[in-house]
Amino acid sequence: AAAAAAAAAATRAPAEGGAIAIFPRRFAHHYARPARSPGWKERRVVSVAAGEDHSIAITADGAFWVWGNGQEGQLGHGVEPGFFFRPRQVAALAGRRAVAAAAGSSHSLFVTADGLVWSCGCGDEGQLGHGDKEMQSRPTMIRDFQASASVAPARAAAEAAAAAEAAAAGRQRLMQDRIARLHALFAARERGGGGDGGEGDSGTT
């Protein structure tokens with residue numbers, strides 16, 4: 001009971017300079033003013049999300065950090081469910097750059113720079129998006145978003161290639177047109193025998 005009370009819900013927000021400020025509602029110690037979370041002096045926080053009793057922070061280097069009540073796997077640390085009283089980086093997503101995060105009452109969503117969405121925690125109501133009601137203790141990719149994430153770069157590459165091909169074809173047509181005009185000009189001058197098509201024709205284009 002003491003551990004549950006110590007991990008009760010709190011609202012957290014980035015403070016000036018990228019620090020974490022904490023506004024606990026039910027905690028072992030109550031704060032009337034924001035208090036700096038320990039261990040964040042070397043990290044700049046750019047975004048946060050607060051669930052019922054767990055929190056997520058994104059740092060400027062693109063990492064996810066999660067802490068609080070992890071009894072339903074919502075922290076994504078992949079260890080025995082429990083409480084984490086200090087921020088811990090989500091190791092499963094360490095190789096991907098964080099873009100956004102959201103926290104439900106007992107599940108978490110993570111968005112990475114490659115356009116993928118990951119979820120973990122309680123899945124009793126299907127809220128994890130994996131087509132079942134299983135709990136996930138590590139962030140698991142929502143496969144329905146995988147296709148759109150992979151199609152976008154492929155489509156962009158195809159469009160860029162098509163644009164480059166069209167531009168090259170346009171340049172080739174322009175060069176061929178210029179060469180044809182020069183041939184026509186020289187042919188007209190030769191037929192003119194240096195008269196009307198000679199030096200007095202120097203202004204002809």
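Biologist: Hi! How many aromatic pairs does the structure hold?

Modeller: The structure holds two aromatic pairs; rings of Phe, Tyr and Trp (its six-membered ring) pair if their centres lie within 6.5 Å, and planes under 30 degrees apart count as stacked, over 60 as edge-to-face and the rest as tilted. This is a predicted model, where local features need pLDDT of at least 70 and side-chain atom pairs count only at pLDDT 80 or more, while totals for chains, interfaces and linings use all residues. Residues are numbered from 1 along each chain as its sequence is written, and side-chain values use heavy atoms, with hydrogens and water left out.

Biologist: Why is the pair of Phe 64 and Phe 110 edge-to-face?

Modeller: Their ring centres are 4.9 Å apart and the planes sit at 75 degrees, so the pair is edge-to-face.

Biologist: Nice! Are those two buried or exposed?

Modeller: Phe 64 counts as buried at 1% relative accessibility, and Phe 110 counts as buried at 0%. Buried means under 20% relative accessible area, exposed over 50%, partly exposed in between (1.4 Å probe, protein chains only).

Biologist: And what about the rings of Phe 83 and Phe 85?

Modeller: Their centres are 6.4 Å apart with planes at 15 degrees, so that pair is stacked. Phe 83 is partly exposed at 22% relative accessibility, whereas Phe 85 is exposed, at 51%.

Biologist: New topic: which residues of the second largest cavity's lining can you name?

Modeller: Phe 64 is one of them, and the others include Gln 89, Leu 93 and Arg 96. A cavity is a set of points on a 1 Å grid over the protein atoms alone where a 1.4 Å probe fits but cannot get out, and lining residues have an atom within 4 Å of a point.

Conventions. On a 1 Å grid over the protein atoms alone, a cavity is a set of points where a 1.4 Å probe fits but cannot get out, and a pocket is an open set with protein on both sides within 12 Å along at least five of seven lines; lining residues have an atom within 4 Å of a point.
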